[in-house]
Amino acid sequence: VAAGRTVLALGAAAGMLQRKDSDFKYRPYFTQEADFDVLFFGTSHVINGIFPMELWKDYGIVSYNFGGHGNELATSYWVMRNALDYTDPKLVVIDGLNLGSDVKTYANFSNIHQSLDVFPISRTKIAAASDLLDDPVMDENIAAGLVGDAAQRTKMSLLWDFTIYHSRWNGLGQADFASDCTKEKGAESRIAVSVPDEIPYVPADEKLEGETAGTRYLRRMIKECQSRGIQVLLTYLPFPSTKEQQQEANRIGELALAYDVEYINFLDMDLVDYDTDCYDPNSHLNPSGARKVTDFLGSYIMEHYKVADQRTHKAYEDWHKDYEAYQTFKEENLKQQGTADVYLMLLADKNYNALIEIKDPALWESDYYNAFFENLGIDTVKAAAADADCLFVKGGSQADDLSTADQKARTEYGTFVYKKLPAQEGFSMNLNQTELYRINTEQAESEAMHISVFEKDTMRLVDHAGFAVSDTNENTHINLNKIQN
């Protein structure tokens, strides 16, 4: 009995001490009883670039995002093998970034824990630990001092993470006792805006040569799926890529032909706008870019694969509640933003409508902000020529250039009226005689832009914010910061 209690105590301690990012990311996967129809695998490009909840809302696709930060294709192979022990999907989507790599795991081994810790010990997980730690190239890197956390790279740490987390007692925080989990079905929204440097052009006939760990494990992933009757779609998601990465992407087309599977090389497509859709200057997409990729994939999957629209299926009723929580999550993210460029980026969402009041005509002379307006479907040439001071954006993709010269802006959803309040109390904005917001005279005079955001289906006011000019940064664009009420 005492021994049993000891085991239970150690199990409870292990659960408490374990880093919670793996459980946070994957718990909804294990709590769902019905099968997932589509699974996504790859690096952080997948995590940040494909949104399963958007696929559910727009297409009824039941999917999960298994992308992992820095995952090599060998790691993705074993994540996929473990995931397939718990569901029987119709389609597996594999992104080919890191095809040219010859190591099996990322240099930061804690990322491997995020990808694998959540899986219970099984024959598959034991095989994963044995194979991933049998990595001669990584061993050479460790011997050369190129990898900093070599002490954590053990098979036991992957199978029973208490061996590395037992020393975390002093580092326990509130998150270790919380029960929260992802609202994004494994995806992660990276919310920022960055403009990349010029991207080199590589012709399609320049390809990665030879065999690597990446090519070997991509082949294994494809063959494993085909042996189970699971269809495969290969991708190379868009980002500001290097010459070597474009050569990887070109090689994947050759592998797709060899195994008779579909391949989408997003680097060859004019789908995202790198001036508005990048989180950082050389790698990841922000939500504006991710939603474009997600929408394209949703349409492509429904057209090319036997994946059902599950929105009316009783087994997936909880997904409607999950989407409501996801929508709240998105709205909270929007409200937290303090700069106009990031706020405008998040408006590139087909589930939002927005009224944008332009109070500083200098904004029409800013190439930087015009890029974000154009990303919302606004004809900036037409708007600037008309000196438009009011824009109504519908569904994140098109806009009417309105005029408030008569203090009214007429839209298909009703009439917006901007009113001066009596006794110098300020101004109010109204829609169909319902007040949306009011601001004092001081704020009204300092605003360069004011944005009101609505849920498209109901025109419920989600948020409104005024932005004032703070300064001009080193890139010479105007900085617009939110006015804190």
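Me: Helices (H or I, at least four residues) and strands (E, at least two) are DSSP runs, numbered from the N terminus, and which helix holds Glu-331?

Reply: Glu-331 sits in helix H14, which covers residues 318-335. The model is predicted, with local features needing pLDDT of at least 70 and side-chain atom pairs pLDDT 80 or more, while totals for chains, interfaces and linings use all residues. Residues are numbered from 1 along each chain as its sequence is written, and side-chain values use heavy atoms, without hydrogens and water.

Me: Is Glu-331 buried or exposed?

Reply: Glu-331 counts as buried, because its relative accessibility is 7%, and the limits are under 20% relative accessible area for buried and over 50% for exposed, with partly exposed in between (1.4 Å probe, protein chains only).

Me: And what does Glu-331 touch?

Reply: Leaving out residues up to four places away in sequence, Glu-331 touches Tyr-352, Arg-460 and Val-462, where contact means heavy atoms within 4.5 Å.

Me: Changing topic, what is the average pLDDT of the chain?

Reply: The protein chain averages a pLDDT (the predictor's confidence in each residue, from 0 to 100) of 89, and 89% of the residues score at least 70. Over residues 1-17, however, pLDDT stays under 50, and the model has 17 contacts beyond four places in sequence for them.

Me: Which residues touch the most other members of the largest nonpolar core?

Reply: They are Leu-39, Phe-41, Phe-66 and Leu-234, out of 58 residues in that core. Helix H5, residues 73-83, gives the most to this core, with seven residues. A nonpolar core is a set of buried Ala, Val, Leu, Ile, Met, Phe, Trp, Tyr and Cys residues joined through side-chain atoms within 4.5 Å.

Me: Staying with H5, how many of its residues are buried?

Reply: H5 is mostly covered, with 11 of its 11 residues buried, including Trp-78, Met-80 and Arg-81. Among the elements that cover the buried residues of H5 are helix H2 (21-31), strand S1 (38-41), strand S3 (91-95) and helix H11 (213-227).

Me: What is Phe-66 in contact with?

Reply: Leaving aside neighbours within four places in sequence, the contacts of Phe-66 include Tyr-26, Tyr-29, Leu-39, Phe-41, Val-79, Ala-83 and Phe-119. There is also a second, separate core of 36 residues, which includes Leu-334, Phe-372, Ala-465 and Ile-478.

Me: Now the sheet, please: what order do the five strands have?

Reply: The open sheet runs S2-S1-S3-S4-S5 with parallel pairing, and two strands pair if DSSP finds at least two bridges between them. Its edge strands are S2 (63-65) and S5 (262-265), each of which pairs on one side only.

Me: How many bridges join S1 and S2?

Reply: S1 and S2 pair in the parallel sense over three bridges, and Val-38 stands opposite Ser-63 in S2. S1 and S3 pair in the parallel sense over four bridges, and Phe-40 has Val-93 as its bridge partner in S3.

Me: And which way do the S1 side chains point?

Reply: Val-38 and Phe-40 point one way from S1, whereas Leu-39 and Phe-41 point the other way, and all are buried.
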